[in-house]
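Let's take a friendly walk through the pockets of this protein. Please have the model open as you read.

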Amino acid sequence: MTSINDINFKGKKVLIRVDFNVPLDKNKQITDDSRIVESLPTIKKLIADGGKVIMMAHFGRPKQGGFEEDYSLKPIVGYVEKMLGKKVAFTQKLLFDNEVLDMINSLQDGDVMLLENIRFYPQETKGDVDFAEKIAALGDCYINDAFAASHRNHVSTCTLAHFFPNHRYFGYLMEHEVTNLQRLMRNAGRPFTSVIGGAKISSKINILESLIDKSDNILIGGGMVFTFLKAQQKTIGSSLCEDDCIEEAKRIMEKAKAKNVSLLLPVDVVIADRFANDANRKTVSADDIPSDWMGMDIGEKTSALYQDVIMKSQTILWNGPMGVFEMDNFATGTKNVALAVADATDKGAFSTIGGGDSVAAIHLFNLGERVSYVSTGGGAMLEYIEQGTLPGIDAILK
Ligand code: AMP
(Lines give C-alpha, C1' and ligand atoms only; values in the text may rest on other atoms or scores of the structure.)
Protein backbone atom coordinates (compact mmCIF):
# COMPACT_ATOMS: atom_id res chain seq x y z
CA MET A 1 0.00 0.00 0.00
CA THR A 2 1.59 3.28 -1.13
CA SER A 3 1.25 6.14 1.30
CA ILE A 4 0.75 9.67 -0.02
CA ASN A 5 3.95 10.45 1.87
CA ASP A 6 5.84 8.61 -0.88
CA ILE A 7 4.29 10.62 -3.71
CA ASN A 8 4.93 14.13 -4.95
CA PHE A 9 1.71 15.46 -6.47
CA LYS A 10 3.29 18.46 -8.25
CA GLY A 11 1.26 19.40 -11.32
CA LYS A 12 -1.15 16.49 -10.82
CA LYS A 13 -4.90 16.99 -10.82
CA VAL A 14 -5.88 15.22 -7.61
CA LEU A 15 -9.50 14.14 -7.13
CA ILE A 16 -9.92 13.89 -3.37
CA ARG A 17 -13.06 12.76 -1.54
CA VAL A 18 -13.31 14.59 1.78
CA ASP A 19 -16.03 14.65 4.42
CA PHE A 20 -17.29 18.18 5.01
CA ASN A 21 -20.71 17.02 6.22
CA VAL A 22 -20.53 19.19 9.34
CA PRO A 23 -23.48 20.29 11.49
CA LEU A 24 -24.76 23.86 10.92
CA ASP A 25 -26.99 25.96 13.16
CA LYS A 26 -29.98 27.85 11.78
CA ASN A 27 -27.72 30.75 10.75
CA LYS A 28 -25.62 28.29 8.71
CA GLN A 29 -22.72 28.58 11.16
CA ILE A 30 -20.64 25.44 11.70
CA THR A 31 -21.20 24.03 15.20
CA ASP A 32 -18.58 21.27 15.08
CA ASP A 33 -15.69 21.63 12.64
CA SER A 34 -13.85 18.43 13.52
CA ARG A 35 -14.37 16.75 10.16
CA ILE A 36 -12.94 19.77 8.33
CA VAL A 37 -10.03 20.01 10.76
CA GLU A 38 -9.21 16.32 10.33
CA SER A 39 -9.13 16.72 6.52
CA LEU A 40 -6.60 19.55 6.59
CA PRO A 41 -3.31 17.60 6.82
CA THR A 42 -3.94 15.77 3.53
CA ILE A 43 -5.15 18.90 1.69
CA LYS A 44 -2.15 20.87 2.99
CA LYS A 45 0.27 18.17 1.84
CA LEU A 46 -1.25 18.30 -1.68
CA ILE A 47 -1.01 22.10 -1.75
CA ALA A 48 2.59 22.01 -0.50
CA ASP A 49 3.51 19.54 -3.24
CA GLY A 50 1.97 21.81 -5.90
CA GLY A 51 -0.94 19.54 -6.76
CA LYS A 52 -4.14 20.84 -8.34
CA VAL A 53 -6.62 19.85 -5.68
CA ILE A 54 -10.20 19.01 -6.72
CA MET A 55 -12.25 18.24 -3.61
CA MET A 56 -15.50 16.25 -3.70
CA ALA A 57 -17.83 16.21 -0.71
CA HIS A 58 -21.45 15.66 0.20
CA PHE A 59 -23.67 17.65 2.47
CA GLY A 60 -26.83 16.28 4.08
CA ARG A 61 -29.32 14.19 2.19
CA PRO A 62 -30.65 16.12 -0.82
CA LYS A 63 -33.37 14.57 -2.98
CA GLN A 64 -30.73 13.97 -5.68
CA GLY A 65 -32.69 15.65 -8.39
CA GLY A 66 -30.24 18.49 -8.97
CA PHE A 67 -29.29 21.66 -7.09
CA GLU A 68 -30.98 22.46 -3.75
CA GLU A 69 -29.87 25.60 -1.93
CA ASP A 70 -30.37 24.00 1.52
CA TYR A 71 -27.78 21.37 0.75
CA SER A 72 -25.24 23.57 -1.04
CA LEU A 73 -21.66 23.39 0.22
CA LYS A 74 -21.43 27.17 -0.15
CA PRO A 75 -21.64 27.90 3.62
CA ILE A 76 -18.60 25.66 4.15
CA VAL A 77 -16.29 27.28 1.59
CA GLY A 78 -15.33 30.39 3.60
CA TYR A 79 -14.53 28.26 6.63
CA VAL A 80 -12.29 25.90 4.65
CA GLU A 81 -10.54 28.93 3.12
CA LYS A 82 -9.90 30.35 6.59
CA MET A 83 -8.51 27.03 7.83
CA LEU A 84 -6.26 26.62 4.79
CA GLY A 85 -5.30 30.30 4.60
CA LYS A 86 -6.01 30.03 0.90
CA LYS A 87 -8.67 30.73 -1.72
CA VAL A 88 -10.91 27.76 -2.53
CA ALA A 89 -12.48 27.99 -5.99
CA PHE A 90 -16.17 27.11 -5.85
CA THR A 91 -19.28 27.46 -7.97
CA GLN A 92 -22.82 26.29 -7.38
CA LYS A 93 -22.93 25.19 -11.02
CA LEU A 94 -23.18 21.46 -11.44
CA LEU A 95 -20.42 19.17 -12.64
CA PHE A 96 -19.62 19.21 -16.37
CA ASP A 97 -21.09 22.69 -16.72
CA ASN A 98 -18.57 24.76 -18.72
CA GLU A 99 -17.99 27.01 -15.73
CA VAL A 100 -16.84 24.04 -13.66
CA LEU A 101 -14.70 22.62 -16.45
CA ASP A 102 -13.07 26.05 -17.03
CA MET A 103 -12.34 26.30 -13.31
CA ILE A 104 -10.66 22.90 -13.31
CA ASN A 105 -8.65 23.75 -16.42
CA SER A 106 -7.42 27.00 -14.99
CA LEU A 107 -6.19 25.49 -11.71
CA GLN A 108 -2.52 26.34 -11.13
CA ASP A 109 -0.12 24.17 -9.11
CA GLY A 110 -1.11 24.40 -5.44
CA ASP A 111 -4.64 25.66 -6.19
CA VAL A 112 -7.71 24.17 -4.52
CA MET A 113 -11.30 23.87 -5.64
CA LEU A 114 -14.42 22.31 -4.15
CA LEU A 115 -17.09 20.72 -6.33
CA GLU A 116 -20.72 21.34 -5.36
CA ASN A 117 -22.49 18.64 -3.29
CA ILE A 118 -21.76 15.35 -5.03
CA ARG A 119 -25.14 14.01 -3.86
CA PHE A 120 -26.99 16.45 -6.13
CA TYR A 121 -26.42 13.77 -8.78
CA PRO A 122 -28.59 10.66 -8.54
CA GLN A 123 -25.74 8.68 -10.14
CA GLU A 124 -23.54 9.23 -7.06
CA THR A 125 -25.41 6.98 -4.65
CA LYS A 126 -26.05 4.38 -7.37
CA GLY A 127 -22.34 3.91 -7.99
CA ASP A 128 -22.98 4.70 -11.68
CA VAL A 129 -19.96 3.60 -13.71
CA ASP A 130 -20.45 6.03 -16.62
CA PHE A 131 -20.71 8.94 -14.22
CA ALA A 132 -17.57 7.74 -12.45
CA GLU A 133 -15.73 7.51 -15.76
CA LYS A 134 -16.63 11.11 -16.60
CA ILE A 135 -15.39 12.35 -13.24
CA ALA A 136 -12.26 10.21 -13.49
CA ALA A 137 -11.41 11.99 -16.77
CA LEU A 138 -11.07 15.23 -14.77
CA GLY A 139 -8.13 14.01 -12.67
CA ASP A 140 -4.80 12.20 -12.71
CA CYS A 141 -5.20 10.38 -9.41
CA TYR A 142 -7.70 9.71 -6.62
CA ILE A 143 -7.51 9.98 -2.84
CA ASN A 144 -10.17 8.88 -0.37
CA ASP A 145 -9.96 10.80 2.90
CA ALA A 146 -13.65 10.55 3.82
CA PHE A 147 -13.72 7.73 6.36
CA ALA A 148 -17.16 8.69 7.68
CA ALA A 149 -18.66 8.16 4.19
CA SER A 150 -16.66 5.05 3.29
CA HIS A 151 -19.33 2.57 4.32
CA ARG A 152 -21.24 3.80 1.28
CA ASN A 153 -20.78 2.11 -2.05
CA HIS A 154 -21.01 5.40 -3.93
CA VAL A 155 -19.19 6.85 -6.94
CA SER A 156 -17.03 9.30 -4.98
CA THR A 157 -16.13 6.77 -2.27
CA CYS A 158 -15.76 3.58 -4.35
CA THR A 159 -16.45 3.48 -8.08
CA LEU A 160 -14.00 6.26 -8.92
CA ALA A 161 -11.12 4.33 -7.36
CA HIS A 162 -11.43 1.61 -10.00
CA PHE A 163 -10.42 4.11 -12.70
CA PHE A 164 -7.07 4.72 -11.00
CA PRO A 165 -5.65 1.23 -10.42
CA ASN A 166 -2.12 2.59 -9.98
CA HIS A 167 -2.90 6.02 -8.62
CA ARG A 168 -5.37 5.64 -5.76
CA TYR A 169 -4.48 6.33 -2.17
CA PHE A 170 -5.77 6.79 1.36
CA GLY A 171 -5.40 10.31 2.75
CA TYR A 172 -3.88 10.76 6.23
CA LEU A 173 -7.29 10.72 7.95
CA MET A 174 -8.19 7.38 6.36
CA GLU A 175 -4.76 5.94 7.12
CA HIS A 176 -5.13 6.97 10.75
CA GLU A 177 -8.64 5.51 11.08
CA VAL A 178 -7.70 2.22 9.44
CA THR A 179 -4.51 1.82 11.51
CA ASN A 180 -6.40 2.41 14.76
CA LEU A 181 -9.38 0.24 13.90
CA GLN A 182 -7.11 -2.58 12.80
CA ARG A 183 -5.37 -2.34 16.14
CA LEU A 184 -8.75 -2.44 17.88
CA MET A 185 -9.97 -5.45 15.95
CA ARG A 186 -6.79 -7.46 15.47
CA ASN A 187 -4.41 -6.74 18.33
CA ALA A 188 -6.80 -5.85 21.11
CA GLY A 189 -5.51 -6.36 24.64
CA ARG A 190 -7.87 -8.17 27.02
CA PRO A 191 -10.21 -7.65 28.73
CA PHE A 192 -12.01 -5.96 25.81
CA THR A 193 -14.98 -3.90 27.01
CA SER A 194 -17.62 -2.42 24.72
CA VAL A 195 -19.80 0.35 26.09
CA ILE A 196 -22.92 0.74 23.98
CA GLY A 197 -25.58 3.35 24.56
CA GLY A 198 -27.80 5.67 22.57
CA ALA A 199 -31.48 5.96 21.97
CA LYS A 200 -32.53 2.83 20.19
CA ILE A 201 -31.64 -0.82 20.23
CA SER A 202 -32.95 -1.27 16.67
CA SER A 203 -30.04 0.71 15.21
CA LYS A 204 -27.47 -1.23 17.27
CA ILE A 205 -28.60 -4.84 16.97
CA ASN A 206 -26.01 -5.81 14.36
CA ILE A 207 -23.18 -4.19 16.22
CA LEU A 208 -24.24 -5.77 19.52
CA GLU A 209 -24.27 -9.15 17.81
CA SER A 210 -20.79 -8.77 16.42
CA LEU A 211 -19.43 -7.30 19.64
CA ILE A 212 -20.48 -10.42 21.49
CA ASP A 213 -17.91 -12.25 19.35
CA LYS A 214 -15.18 -9.76 20.18
CA SER A 215 -15.75 -8.49 23.71
CA ASP A 216 -15.32 -9.84 27.23
CA ASN A 217 -17.75 -7.28 28.65
CA ILE A 218 -20.61 -5.32 27.13
CA LEU A 219 -21.99 -2.44 29.18
CA ILE A 220 -25.41 -1.21 28.08
CA GLY A 221 -26.71 2.32 28.65
CA GLY A 222 -29.05 4.89 27.09
CA GLY A 223 -32.62 4.48 25.95
CA MET A 224 -32.02 0.93 24.71
CA VAL A 225 -31.68 -0.25 28.31
CA PHE A 226 -35.44 -0.31 28.72
CA THR A 227 -36.12 -2.72 25.87
CA PHE A 228 -33.68 -5.10 27.59
CA LEU A 229 -35.32 -4.58 30.99
CA LYS A 230 -38.77 -5.20 29.52
CA ALA A 231 -37.41 -8.36 27.91
CA GLN A 232 -36.55 -9.42 31.47
CA GLN A 233 -40.19 -8.83 32.46
CA LYS A 234 -39.36 -5.68 34.43
CA THR A 235 -41.73 -2.74 34.52
CA ILE A 236 -40.25 0.29 32.78
CA GLY A 237 -42.93 2.98 33.26
CA SER A 238 -43.04 5.35 30.31
CA SER A 239 -39.36 4.84 29.37
CA LEU A 240 -38.34 4.57 25.73
CA CYS A 241 -38.99 1.04 24.52
CA GLU A 242 -39.07 -0.70 21.17
CA ASP A 243 -41.58 -3.49 21.65
CA ASP A 244 -40.76 -5.05 18.30
CA CYS A 245 -37.15 -5.55 19.46
CA ILE A 246 -37.92 -7.43 22.68
CA GLU A 247 -37.27 -10.82 21.10
CA GLU A 248 -33.98 -9.51 19.64
CA ALA A 249 -33.00 -8.23 23.07
CA LYS A 250 -33.68 -11.67 24.58
CA ARG A 251 -31.67 -13.33 21.83
CA ILE A 252 -28.73 -10.97 22.40
CA MET A 253 -28.74 -11.68 26.14
CA GLU A 254 -28.88 -15.43 25.47
CA LYS A 255 -26.08 -15.28 22.92
CA ALA A 256 -23.89 -13.31 25.33
CA LYS A 257 -24.55 -15.87 28.07
CA ALA A 258 -23.78 -18.78 25.76
CA LYS A 259 -20.49 -17.16 24.75
CA ASN A 260 -19.55 -16.31 28.32
CA VAL A 261 -19.61 -12.58 27.64
CA SER A 262 -20.62 -10.47 30.60
CA LEU A 263 -23.46 -8.26 29.31
CA LEU A 264 -24.33 -5.77 32.03
CA LEU A 265 -27.50 -3.73 32.34
CA PRO A 266 -28.01 -0.86 34.79
CA VAL A 267 -28.88 -1.84 38.36
CA ASP A 268 -30.28 1.62 39.08
CA VAL A 269 -31.63 4.41 36.91
CA VAL A 270 -32.33 8.13 37.19
CA ILE A 271 -35.97 8.63 36.32
CA ALA A 272 -38.02 11.74 35.51
CA ASP A 273 -41.72 12.54 35.40
CA ARG A 274 -41.30 14.45 32.10
CA PHE A 275 -38.78 14.49 29.27
CA ALA A 276 -37.29 17.80 30.41
CA ASN A 277 -34.19 18.96 32.27
CA ASP A 278 -36.27 20.58 35.02
CA ALA A 279 -38.55 17.56 35.49
CA ASN A 280 -38.87 15.99 38.94
CA ARG A 281 -36.24 13.29 39.21
CA LYS A 282 -35.09 10.50 41.50
CA THR A 283 -32.90 7.42 41.39
CA VAL A 284 -34.55 4.01 41.72
CA SER A 285 -33.57 0.40 41.36
CA ALA A 286 -33.80 -0.79 37.73
CA ASP A 287 -36.64 -3.14 38.67
CA ASP A 288 -38.64 -0.50 40.47
CA ILE A 289 -39.59 2.15 37.86
CA PRO A 290 -43.06 3.53 38.67
CA SER A 291 -45.61 3.94 35.88
CA ASP A 292 -45.63 7.46 34.36
CA TRP A 293 -41.91 7.90 35.12
CA MET A 294 -39.22 7.42 32.51
CA GLY A 295 -35.59 6.32 32.67
CA MET A 296 -33.26 9.15 31.63
CA ASP A 297 -29.78 8.11 32.84
CA ILE A 298 -27.89 5.31 34.57
CA GLY A 299 -27.78 5.65 38.34
CA GLU A 300 -24.80 6.03 40.68
CA LYS A 301 -24.49 2.34 41.53
CA THR A 302 -24.46 1.50 37.82
CA SER A 303 -21.83 4.17 37.16
CA ALA A 304 -19.64 2.66 39.86
CA LEU A 305 -20.13 -0.85 38.46
CA TYR A 306 -19.35 0.26 34.90
CA GLN A 307 -16.38 2.34 36.03
CA ASP A 308 -14.93 -0.69 37.79
CA VAL A 309 -15.21 -2.86 34.65
CA ILE A 310 -13.76 -0.10 32.45
CA MET A 311 -10.81 0.47 34.79
CA LYS A 312 -9.90 -3.22 34.59
CA SER A 313 -10.00 -3.25 30.76
CA GLN A 314 -7.11 -3.13 28.32
CA THR A 315 -9.27 -2.24 25.32
CA ILE A 316 -12.38 -0.05 25.39
CA LEU A 317 -14.79 0.74 22.61
CA TRP A 318 -17.46 3.31 23.35
CA ASN A 319 -20.44 4.22 21.18
CA GLY A 320 -23.55 6.03 22.38
CA PRO A 321 -24.35 8.06 25.53
CA MET A 322 -25.55 6.49 28.79
CA GLY A 323 -28.45 8.89 29.16
CA VAL A 324 -30.01 12.07 27.83
CA PHE A 325 -26.67 13.84 28.23
CA GLU A 326 -27.87 16.95 26.35
CA MET A 327 -29.81 17.78 29.57
CA ASP A 328 -27.44 18.65 32.46
CA ASN A 329 -29.50 16.77 35.02
CA PHE A 330 -29.20 13.52 33.07
CA ALA A 331 -25.59 13.81 31.90
CA THR A 332 -23.88 12.36 34.98
CA GLY A 333 -23.82 8.72 33.86
CA THR A 334 -22.31 9.63 30.49
CA LYS A 335 -19.76 11.85 32.23
CA ASN A 336 -18.82 9.11 34.70
CA VAL A 337 -18.26 6.64 31.88
CA ALA A 338 -16.25 9.23 29.90
CA LEU A 339 -14.05 9.88 32.95
CA ALA A 340 -13.52 6.17 33.50
CA VAL A 341 -12.51 5.71 29.85
CA ALA A 342 -10.02 8.59 30.21
CA ASP A 343 -8.62 7.21 33.50
CA ALA A 344 -8.27 3.70 32.05
CA THR A 345 -6.43 5.21 29.06
CA ASP A 346 -4.05 7.02 31.44
CA LYS A 347 -3.33 3.61 32.97
CA GLY A 348 -2.43 2.18 29.55
CA ALA A 349 -5.69 0.95 28.01
CA PHE A 350 -6.37 1.54 24.30
CA SER A 351 -9.66 3.42 23.98
CA THR A 352 -11.71 4.19 20.89
CA ILE A 353 -14.74 6.44 20.74
CA GLY A 354 -16.98 6.76 17.73
CA GLY A 355 -20.46 7.90 16.87
CA GLY A 356 -21.68 11.50 16.80
CA ASP A 357 -23.15 11.64 20.30
CA SER A 358 -20.36 9.93 22.20
CA VAL A 359 -17.84 12.12 20.40
CA ALA A 360 -19.93 15.19 21.27
CA ALA A 361 -20.05 13.96 24.89
CA ILE A 362 -16.29 13.40 25.18
CA HIS A 363 -15.69 16.93 23.85
CA LEU A 364 -18.40 18.37 26.13
CA PHE A 365 -16.46 17.02 29.11
CA ASN A 366 -13.12 18.14 27.61
CA LEU A 367 -11.72 14.62 27.63
CA GLY A 368 -10.90 14.32 23.92
CA GLU A 369 -7.15 14.48 24.62
CA ARG A 370 -7.31 11.74 27.23
CA VAL A 371 -8.58 8.90 25.03
CA SER A 372 -6.47 6.99 22.53
CA TYR A 373 -8.51 7.67 19.49
CA VAL A 374 -11.71 9.49 18.50
CA SER A 375 -13.09 8.19 15.21
CA THR A 376 -14.60 10.61 12.69
CA GLY A 377 -17.08 7.92 11.69
CA GLY A 378 -20.23 6.79 13.48
CA GLY A 379 -21.97 4.41 11.08
CA ALA A 380 -18.69 3.80 9.24
CA MET A 381 -16.86 2.82 12.43
CA LEU A 382 -19.61 0.43 13.52
CA GLU A 383 -19.76 -1.14 10.09
CA TYR A 384 -15.98 -1.57 10.04
CA ILE A 385 -16.21 -3.41 13.34
CA GLU A 386 -18.98 -5.64 12.00
CA GLN A 387 -17.43 -6.38 8.61
CA GLY A 388 -13.70 -5.94 9.27
CA THR A 389 -13.51 -3.56 6.29
CA LEU A 390 -15.58 -1.00 4.34
CA PRO A 391 -16.42 -0.62 0.64
CA GLY A 392 -14.33 2.57 0.44
CA ILE A 393 -11.34 0.82 2.00
CA ASP A 394 -11.58 -2.21 -0.29
CA ALA A 395 -11.85 0.07 -3.33
CA ILE A 396 -8.38 1.45 -2.56
CA LEU A 397 -6.75 -1.81 -1.44
CA LYS A 398 -8.12 -4.37 -3.88
P1 AMP B 1 -27.93 7.37 19.17
O2 AMP B 1 -27.96 8.37 18.05
O3 AMP B 1 -28.74 6.15 18.91
O4 AMP B 1 -26.52 7.06 19.64
O5 AMP B 1 -28.69 8.06 20.39
C6 AMP B 1 -28.24 9.23 21.01
C7 AMP B 1 -29.40 9.86 21.72
O8 AMP B 1 -29.91 8.97 22.68
C9 AMP B 1 -29.04 11.12 22.48
O10 AMP B 1 -29.66 12.21 21.86
C11 AMP B 1 -29.60 10.87 23.88
O12 AMP B 1 -30.31 11.98 24.41
C13 AMP B 1 -30.57 9.74 23.64
N14 AMP B 1 -30.83 8.97 24.87
C15 AMP B 1 -29.93 8.44 25.72
N16 AMP B 1 -30.53 7.87 26.78
C17 AMP B 1 -31.86 8.03 26.60
C18 AMP B 1 -33.01 7.66 27.38
N19 AMP B 1 -32.88 7.02 28.52
N20 AMP B 1 -34.21 8.01 26.90
C21 AMP B 1 -34.33 8.66 25.73
N22 AMP B 1 -33.29 9.03 24.96
C23 AMP B 1 -32.06 8.73 25.39
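How many nonpolar, polar and charged residues are in the lining of the largest pocket? There are 13 nonpolar, 14 polar and eight charged residues, where Ala, Val, Leu, Ile, Met, Phe, Trp, Tyr, Cys and Pro count as nonpolar, Asp, Glu, Lys and Arg as charged, and the others, Gly among them, as polar.

This is a predicted model, in which local features need pLDDT of at least 70, side-chain atom pairs count only at pLDDT 80 or more, and totals for chains, interfaces and linings use all residues. Residues are numbered from 1 along each chain as its sequence is written, and side-chain values use heavy atoms, leaving out hydrogens and water.

A pocket here is an open set of points on a 1 Å grid over the protein atoms alone, where a 1.4 Å probe fits, with protein on both sides within 12 Å along at least five of seven lines; lining residues have an atom within 4 Å of a point.

| Pocket | Space | Nearest its centre |
|---|---|---|
| Largest | About 790 Å³ | R35, A148, T376, G377 and G378 |

The lining of the largest pocket takes at least two residues from each of α1 (34-49), α6 (172-186), α12 (356-364), β15 (373-374) and α13 (379-387). Domain 1 (4-170) and domain 2 (184-387) each supply at least three residues to this lining, with domain bounds from an automatic or database domain assignment.

Methods. Grid points are joined across faces, edges and corners, and a volume is the space filled by probe spheres set on the points. Helices (H or I, at least four residues) and strands (E, at least two) are DSSP runs, numbered from the N terminus.
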